[in-house]
Amino acid sequence: MLSNMGTFLSSGENIAFFIFALMAIGGAIFMLSFTKVVHMVVAIAMTFISMAGLYVILNAEFVAFVQVLIYAGAISILMIFGIMMTKHQGEEIEPKRPVYNTLLFIGAAGLFGVLFYAIQNTMMPTGEFKDVTDNTLEIGKLLFMQHVIPFEIMSVLLTVSFIGAIVVAKREED
């Protein structure tokens, strides 16, 4: 087992994957563990940015850029504005629950063990992949040539949902 870990950490790509994966998992755990909402937003932003790093390692630069732009940027800022615009009462202190925390740790460790075993024993397909030098160009070609109708339907759907959100917000003000 330790010899496998030594060969896993032998390349820089694997070390970067390990660091980004730990940051993503740590950010998610911190987000669930923190009690202040602003701290939760910072932790989830760390998770989003580390996920973008994982996408870069997988040669999905466009997805990484969109991850940073939309999730780490827009969603985090939206959450912070939501926190600033709402009224907050004094926070209640939750009672300590050692049995709950122990069961939570056992469940998380069990899930980690099952996932680790499943990933280690999975045979990955070894098919031929098309060598693409510019992923963003290929995504653009597919999006605007082959999938233009679903793209336009999605833009109309987003516009209608945005207008609906404005109408609902206006009703609540009156």
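Which residues form a nonpolar patch on the surface? I looked them up: Ile-15, Ile-19, Met-23, Phe-30, Phe-34 and Met-46. Together they have about 480 Å² of accessible area, by the Shrake-Rupley method with a 1.4 Å probe and only the protein chains shown as cover. Patch residues have over 30% relative accessible area and no salt bridge, and nonpolar side chains (Val, Leu, Ile, Met, Phe, Trp, Tyr) are joined within 5 Å. A salt bridge is a side-chain nitrogen of Lys or Arg within 4 Å of a carboxyl oxygen of Asp or Glu.

I noted the ground rules. This is a predicted model, where local features need pLDDT of at least 70 and side-chain atom pairs pLDDT 80 or more, while totals for chains, interfaces and linings use all residues. Residues are numbered from 1 along each chain, and side-chain values use heavy atoms, without hydrogens and water.

Next I checked helix α2 (residues 12-33), which gives the most to the patch, with 4 residues. Helices are DSSP runs (H or I, at least four residues), numbered from the N terminus. Ile-19 lies in α2. Its relative accessibility is 45%, so Ile-19 counts as partly exposed (between buried, under 20%, and exposed, over 50%).

Then I turned to Ser-50 in helix α3. Ser-50 has 0% relative accessibility, so it counts as buried. Beyond neighbours within four places in sequence, Ser-50 is in contact with Phe-20, Met-23 and Ala-24 (heavy atoms within 4.5 Å).

Last, I looked at the loop between α3 (37-57) and α4 (61-85), where I found Asn-59. Asn-59 is not a glycine, yet has a positive phi of about 60°.

Methods. Patches are made of residues with over 30% relative accessible area and no salt bridge: like charges are joined within 9 Å, nonpolar side chains (Val, Leu, Ile, Met, Phe, Trp, Tyr) within 5 Å. Helices (H or I, at least four residues) and strands (E, at least two) are DSSP runs, numbered from the N terminus. Buried means under 20% relative accessible area, exposed over 50%, partly exposed in between (1.4 Å probe, protein chains only).
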